[in-house]
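Trainee: Please take a close look at one part of this model: the contact surfaces. I would like one connected account.

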Amino acid sequence: MNSRINSTLVKPTINLGFIVKRAGVLSLIQDEGRYGAFNLGLTNGGPIDKLAFHWANRLCSNELNVSAIEVSVGGFAIIAQVDTVIAVTGAKMPLTINGQVKELWRSYEVKAGDLIELGYTNVGVRSYFAVAGGFDITPSFGSSATVCREGIGGLKGTKLAVNDILACAVTTKAKLIKLAKQDQPKYCNEVLLRIIPSYQHHHFSPQQKKLFFSSEYKVGKSCDRMGYRLAGQKISCDIEGILSEGICHGAVQIPNDGQPIVLLNDRQTIGGYPKIGSVISIDTAKLGQLAQGGKIRFEAISMEKARKLILRDLKLFNQTQVISLNVYF
Amino acid sequence: MSPELRIEIAGENALIIYFAEQANAEVAAKVQQAQLLIRKTMSNDIIDLIPSYTSMLVVFDLLKVNHQQVANQLRMLLKNLQIYHDTQGALIELPVYYAIESGPDLNVIAKHANLPVEQIITIHQQQEYRVYAIGFAPGFAYLGEVDERIAMPRLSTPRMKVPKGAVAIADRQTAIYPSTSPGGWNIIGQCPVEMFTANKIPTMPVQVGDRVKFKAICKEQFFALGGVLGTTYE
């Protein structure tokens, strides 16, 4: 790659694709996430709502892990510079193309010059904007996932900004498809988080566990891609801290103030607070669609049950039929 | 298998191996040895590993294996985990410009330790440290253990900005800030060596389990090695 940059014989490639007109609250390039770099202190990143991300790519007939844009809260606008196909899934953000109202959960042809806008969300927090073939982003440590805290991924390790150009391929005669209404994930303001008791769970007394699993929590004001701080019944642990250890996705940390924190994609890789268990990924995706004030309950499940649920959801995703909207093929 | 070794559930696709209760050099070497073994023999099923003080998080591919299979494989693999002398981790020497202008907390530590500043600097160099963990930020290596005489609790209010390369102490740990960031450790000097370079192989000069020694350099050497004196904001 360096030789190409240094060479004077090759003309620089003019990258075309989309140009950001309004960046919105927090819009990030994400692929499935960064794996294999934990030993350098790098976290995963990747889409908070993996199911919606996968659907966005599938509706563009993409490999499921290619780069798309995660738009949090909304206020995003982008102009196509090439003819291609797009799809938006996830949180209910009003979508327009050249001012015309369009549906989420389906693919559309766009032409160079078209303006695509995503308004502010009505329900849910994150939506996914995918393009046929995915955005062409140079990976860092094997992934394009943007982790702002680390300054890694995306175009330059930061959230998208006005005038950023996101390269992609030109696509014509594309397959246009949609996901039937009844197959679309529903977002609401209440989520049940299924949790595998793990890590230091034996340091929480049966009474404390009972409190934890019978209480309702609310999403606090500090909720971001690193983790969701919850507010509600205090939980106490019989130890104050532990030697820092690896934190997996979904781990629920109970710091000294007794208020749980569910750790998500951009979490620190190691930490020293006791953890009561880990929320399964199907449910962290739903949690990540909650805004401040969203209601949460926890339910304990076994590792075997968790595995069954995950494999069942995967099968369901693969078996769900999409509706074809054109007859090119 | 050492009697203390435990394998426990962490999450839907993760197990955690506990090698011991207390961190020390021998345990760090064990963690590193186990990491090498797992990477070598289980790479098909393993997505990533997080080695730390006394543990290792093992993230596996749920579509290929279940947690019992992984736990069994790990038990078999680590049954005869032996620490050979030549796998005890590389010894890396890192230069440090120790001075009041690069180490604004030297005086505080000296007062706390009731020792002259020069001796704080000497004691910090005498120890051979182990890389116990890497985390907090990309390239941030936790090194232990700092001589008890110069151990120092974290600042009660973390600084908004600690310069890149700052060498610092928190309790019995020491570290080098790989990039400018907020931080609450006590700064005693500055290291001109890059601790994290995204587009370089290796990305970091050290890995978990390696040994580190610090060596004092003068201001001229610090600049010659590419060091840039940072400013610290309270």
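**Surfaces within and between chains**

Mentor: The centres of domain 1 of chain A and domain 2 of chain A, taken over C-alpha atoms, lie 28 Å apart. Domain 1 covers 8-185 and domain 2 covers 190-316 of chain A; these bounds come from an automatic or database domain assignment. The model is predicted: local features need pLDDT of at least 70, side-chain atom pairs count only at pLDDT 80 or more, and totals for chains, interfaces and linings use all residues. Residues are numbered from 1 along each chain as its sequence is written, chains are lettered from A and ligands numbered from 1 in the order in which they are written, and side-chain values use heavy atoms, with hydrogens and water left out.

Domain 1 of chain A brings 23 residues and domain 2 of chain A brings 15, where contact means heavy atoms within 4.5 Å. About 1,400 Å² is buried between the two domains, and carbon and sulfur atoms give 45% of it. Buried area is the accessible area (1.4 Å probe) that two parts lose on being put together, summed over both. On the domain 1 side, A:Ile48, A:Arg126 and A:Arg149 lose the most area to domain 2, together 40% of what that side buries.

Now the polar side. The rule finds 1 salt bridge across this domain interface; a salt bridge is a side-chain nitrogen of Lys or Arg within 4 Å of a carboxyl oxygen of Asp or Glu. Polar contacts link 15 residue pairs between the domains (both at pLDDT 80 or more). A polar contact is a pair of N or O atoms within 3.5 Å; within protein, one must be able to donate a hydrogen and the other to accept it, and residues adjacent in sequence count only if both atoms are side-chain atoms.

Turn to the chain interface. Here 36 residues of chain A contact 41 residues of chain B. The two chains bury about 2,900 Å² between them, 65% of it on carbon and sulfur atoms. A:Phe38, A:Met303 and A:Arg307 supply 21% of the area chain A buries against chain B, more than any other three residues. Salt bridges between chain A and chain B number 0. Polar contacts join 13 residue pairs there (both at pLDDT 80 or more). On the chain A side, α5(A) gives the most, with 6 residues; helices (H or I, at least four residues) and strands (E, at least two) are DSSP runs, numbered from the N terminus.
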